[in-house]
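I opened this model to look up a few residues, the cores and a pocket. My notes follow the order in which I looked.

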Amino acid sequence: MKSYPMLDFKKFTLDNGLRVIYHEDRSTPLVCMNILYDVGARDEDADRTGFAHLFEHLMFGGSVHIPSYDEPLQRVGGENNAFTSNDITNYYLTVPTANLETAFWLESDRMLSLAFSEKSFEVQRNVVIEEFKQRYLNQPYGDIWLLIRPMVYKTHPYLWDTIGKEISHIAEAKMEDVKAFFKKFYCPNNAIMVLAGNASLEQVQHLSEKWFGPIPKGPDNKRNLPVEPEQKEFRSLTVERDVPFNSIYKTYHMCSRKDKEFYTVDLLSDILSDGNSSRLYNELVMNKKMFSELNAYADDSMDKGMFVVSGKVQNGISLEAAEQAIETELEKLKNEKVEEKELKKVQNKVEATLEFSEMNIMNKALNFAVAELLGDANSVNKESEKYLAVTTEQVKEQANKIFRKENCSTLYYLAKK
């Protein structure tokens, strides 16, 4: 059971549907404001991808009353950033407590009235296009997810990455399309706002009503995404690129972040590759020296996700031998229960990681926002006990469910000879 203090919070909802969560932390002179918009790449049209990521950039291009977002924030000692995933778009900033109202002013104005100037649109569009080229097309191993996703997914919109399917979708985006995307998703009833830090509940309630209360409610967005059918055949793709090592990416369908099995699957990935004593590192990197690096990780997607085992193969080792070595390790998990001691070790590491994350107000704010999106903000206080409740039988069961050949899509990423 969780031995460290529970995180207290208060939650209220404005008339326009904005959910507000407040967590008091008097140990810091700062307040973190985290605004999570319930929109990601999965909400895009298949012919207009990359919009959620484009918006991550556009939201910093100024609003109607505030031409420059960063300048007033920096003047009061604040910092900010954002990220987009296939599921969410998340904006966060920190300010000294005395300047908290600046944060409310900035964030409410861009939620209410993003500027949509042609100049900002063109600047941010070009930034995203350059990012697409530099990070995904011109960087070694950069196009991996552009190749893996459409192999793993055939129906669900996870089949494209957050950057989008192709550059033309951003290059040819029209202002009216962008405005329509904004009006549909960037509204108070599609957002969760978390305040964590050195402020009072009364202050947060007053400023929330003052700055966000007048913003009109947006449309009620009901998701009706296509369900990915069960994969029933092994899939593979072989490409050659100008890279130093042959690489292999074995990808399996797994449960979603919302499913109770997620905690077991997450620990399964830790048993395989979390740290120098993990199975894959110990056996195939250190002992057999077949890989220069080898990782396993469980996707935390809101819909059914991916379990990925990926590694860079040492020169002189055949791809066939490397793949067989990975499969041998996966078969061990299917056929033999892990020892209690090994499971306990990864459970303790997860518990320590969760405890450590609660020392940072930005982590706490994000964790509350994601937990609320998943259905219950208080689940941040139950995470560790869910990991600690996982049994060796459940680990074996999930290994057998996931690591099936017909559930696997493999990318063979070869170095040009």
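I am reading a predicted model, in which local features need pLDDT of at least 70, side-chain atom pairs count only at pLDDT 80 or more, and totals for chains, interfaces and linings use all residues. Residues are numbered from 1 along each chain as its sequence is written, and side-chain values use heavy atoms, with hydrogens and water left out.

**Thr89.** I found Thr89 in strand S5, residues 89–96. Strands (E, at least two residues) and helices (H or I, at least four) are DSSP runs numbered from the N terminus. Is Thr89 buried or exposed? Thr89 is buried, because its relative accessible area is 0%. Buried means under 20% relative accessible area, exposed over 50%, and partly exposed in between (1.4 Å probe, protein chains only). The Thr89 side chain reaches the backbone oxygen of Val39 at 2.8 Å. Beyond four places in sequence, Thr89 touches residues including Ile35, Tyr37, Ala52 and Tyr186. Contact means heavy atoms within 4.5 Å.

**Cores.** I looked up the largest nonpolar core next, and it has 53 residues. A nonpolar core is a set of buried Ala, Val, Leu, Ile, Met, Phe, Trp, Tyr and Cys residues joined through side-chain atoms within 4.5 Å. Tyr37, Phe55 and Tyr186 are among those with the most contacts inside this core. Phe55 is in contact with Tyr91, Leu114, Phe116, Val178, Phe181, Phe182 and Tyr186, leaving aside neighbours within four places. A second, separate core of 41 residues includes Ala298, Val309, Leu319 and Leu330.

**Helix H5.** In H5 (residues 144–152), I noted Ile144, Leu147, Ile148, Arg149, Met151 and Val152 as buried. The buried residues of H5 pack against strands S7 (235–241), S8 (247–253), S10 (306–313) and S11 (408–415).

**Second largest pocket.** How many residues line the second largest pocket? It has 21 lining residues, and Glu228, His253, Met254, Cys255 and Lys304 lie nearest its centre. By class, the lining has 8 nonpolar, 5 polar and 8 charged residues. Helix H15 (residues 392–402) gives the largest share of the lining, 3 residues.

**Asp274.** Asp274 lies in the loop between helix H9 (262–273) and helix H10 (279–287). Asp274 counts as partly exposed because its relative accessibility is 28%. Leaving aside neighbours within four places in sequence, Asp274 is in contact with Ser269 and Lys349.

Notes: 1 Å grid on protein atoms, 1.4 Å probe; cavity = no way out; pocket = protein on both sides within 12 Å on 5 of 7 lines; lining within 4 Å. Nonpolar A, V, L, I, M, F, W, Y, C, P; charged D, E, K, R; others polar. Polar contact = N/O pair within 3.5 Å; in protein donor to acceptor, adjacent residues only side chain to side chain.
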